[in-house]
Each structure stands twice: as C-alpha cells, then as structure tokens.
Amino acid sequence: MTNAGSDMFATALQELGAVLARVDEAGIDTACATLARAQKIVVYGCGREALQLKGLAMRLYHLGLDVSVVGDMNTPPLGPGDVFLVSSGPGETTTVLTLMQVARDAGATVLLLTAEAGGSATALADFTLLIPAQTMARDQGPQKTSLLPMGSVFEGALFLLFEVMVLKLKGLTGQSSEAMRARHTNLE
C-alpha cells in the first residue's frame with residue numbers, strides 16, 4: 001500500500017469518527033428503545049442507504065425482532081405498534097416521503113435517519129435521528145467537505161451506527177450471541 005492510500009484510509013476514518021461523535025447518544029437510545037418495543041419493523045432507504053438498511057434488517061432478525069424490507073415479497077402491512085425505519089440522507093427523497101406518509105396514515109411510528117435536520121422528511125417523522133454527514137445532496141463545489149465520493153460518508157456512518165445500535169438492542173432484548181447465531185441462515 002502506498003502512503004497516499006494509507007492517508008486516504010486515515011482521512012476516511014477521521015471523517016466517519018467526526019460524524020459519529022456528533023450523533024446524539026440519547027437519540028440513539030431512543031431509536032433503539034423504539035425498535036425494541038415494536039411489534040413489527042419495516043425498513044426502507046434508497047440507493048446505497050438501502051444496502052445499509054438491509055444489513056441492519058438482517059441483524060434485527062438475528063436479534064429475534066419481526067423485521068421486513070420494503071419491496072420484499074413478505075413485507076407485511078404496517079399499523080399501530082409497528083415501526084417504519086427509514087433513511088433519507090438529504091431528507092427530500094420523493095419515494096421516502098410518500099412511504100413515510102403511508103406508514104403514518106396506517107398508524108405506524110416513523111423513525112427517520114437523515115443528515116438534514118431541515119428536510120421535508122423530518123415533518124413526517126415521529127422521531128428523527130440526525131447523522132450530520134455530507135450526502136450526495138451537498139457533495140459538489142465549495143460544499144464538498146468529504147474525501148469520500150458522492151456523499152458516501154453518510155452510508156459509512158450508517159454502517160457503524162447500526163453496529164452500535166445492534167449492540168444496544170442486544171442488551172435491550174436480552175439476546176445472547178448464541179441465540180443470534182442460531183438465527184443465522186444455514187443456506188450459505
């Protein structure tokens with residue numbers, strides 16, 4: 001590895017650490033408590049955010065929670081007592097806004113992850129967890145602050161945030177590592 005590659009890793013890790021250091025710890029705890037008491041959880045995000053949410057959905061399943069991903073054949077309807085966990089870094093994604101309204105109308109709790117506190121999505125959320133990272137909405141010209149391409153510091157922060165949330169949820173749900181492993185697929 002060249003020194004330039006090593007410097008890029010150091011910069012990327014520094015950026016991710018700086019974002020996560022600014023995420024509200026009490027907000028993380030609230031989000032985890034909301035998920036832990038949900039009857040059903042359905043997750044949604046667009047693009048690369050969707051990939052992170054699918055990874056979280058898998059871990060929530062390993063924790064024994066009833067979880068689905070929008071668009072999968074087995075996604076149930078939402079209603080009171082359920083949680084719609086949605087990510088919209090820029091806070092203005094049309095599909096996200098529409099699905100948030102559908103979930104609200106059905107009586108589900110809407111938990112939003114976003115980088116934009118003033119985005120339209122926050123008005124539709126019951127609870128918003130702000131991840132103050134650059135997204136693709138502000139990654140060009142003088143607004144660009146991240147080394148990582150196309151706003152991917154937000155998705156990187158989601159991955160690390162979700163790993164910490166899984167640890168917190170493991171404690172909240174009383175699940176052991178062995179119980180989580182027992183729910184892991186054997187079809188690999």
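Colleague: Why is Leu60 called buried?

Modeller: Happy to explain, and please keep in mind that this is a predicted model. Leu60 has a relative accessible area of 0%, and buried means under 20%, so Leu60 is buried.

Colleague: Where does Leu60 lie, and which residues does Leu60 touch beyond four places in sequence?

Modeller: Leu60 lies in helix H3. Not counting residues up to four places away in sequence, Leu60 touches Ile41, Leu65, Val67 and Leu169. Contact means heavy atoms within 4.5 Å.

Colleague: Let's move to helix H1. What makes Leu16 buried?

Modeller: The relative accessible area of Leu16 is 12%. The cut-off for buried is under 20%, therefore Leu16 counts as buried. Leu16 sits in helix H1, which covers residues 3–21. Leaving aside neighbours within four places in sequence, Leu16 is in contact with Val153, Gly156, Ala157 and Leu160. Leu16 and Leu158 are 142 residues apart in sequence, and their C-alpha atoms are 9.6 Å apart.

Colleague: And why does Val19 count as buried?

Modeller: Val19 has 6% relative accessibility; with the limit at under 20%, Val19 is therefore buried. Val19 is found in helix H1. Beyond four places in sequence, the contacts of Val19 are Ile131, Pro132, Ala133, Val153 and Ala157. From Val19 to Gly156 the separation is 137 residues in sequence and 9.9 Å in space, C-alpha to C-alpha.

Colleague: What makes the pair of Ser87 and Glu49 a polar contact?

Modeller: The contact joins the side chain of Ser87 to the side chain of Glu49 at 2.5 Å. A polar contact needs N or O atoms within 3.5 Å, one able to donate a hydrogen and the other to accept it, so the pair of Ser87 and Glu49 qualifies.

Colleague: Which residues line the largest pocket, and what is its volume?

Modeller: The volume of the largest pocket is about 200 Å³. Its lining consists of Ala57, Met58, Tyr61, His62, Val67, Ser68, Val69, Asp72, Asn74, Arg183, His184 and Thr185. Helix H3 (47–62) and strand E2 (67–69) each supply at least two of the lining residues, and H3 gives the largest share, four residues.

Colleague: How do you know which lining residues are charged, and how many are there?

Modeller: The lining has two charged residues, along with five nonpolar and five polar ones. Asp and Arg count as charged, so Asp72 and Arg183 in the lining fall into that class.

Colleague: To finish, what does the whole chain look like in helices, strands and burial?

Modeller: The chain has six helices and five strands, in the order α-α-β-α-β-β-α-β-β-α-α along the sequence. Of its 188 residues, 43% count as buried. The accessible surface comes to about 9700 Å², and carbon and sulfur atoms hold 57% of that surface. Among contacts with a separation of 6 or more, 69% join residues 24 or more positions apart.

Terms used. Residues are numbered from 1 along each chain as its sequence is written. This is a predicted model: local features need pLDDT of at least 70, side-chain atom pairs count only at pLDDT 80 or more; totals for chains, interfaces and linings use all residues. Side-chain values use heavy atoms; hydrogens and water are left out. Buried means under 20% relative accessible area, exposed over 50%, partly exposed in between (1.4 Å probe, protein chains only). Accessible areas come from the Shrake-Rupley method with a 1.4 Å probe; for residues, only the protein chains shown count as cover. On a 1 Å grid over the protein atoms alone, a cavity is a set of points where a 1.4 Å probe fits but cannot get out, and a pocket is an open set with protein on both sides within 12 Å along at least five of seven lines; lining residues have an atom within 4 Å of a point. Grid points are joined across faces, edges and corners, and a volume is the space filled by probe spheres set on the points.
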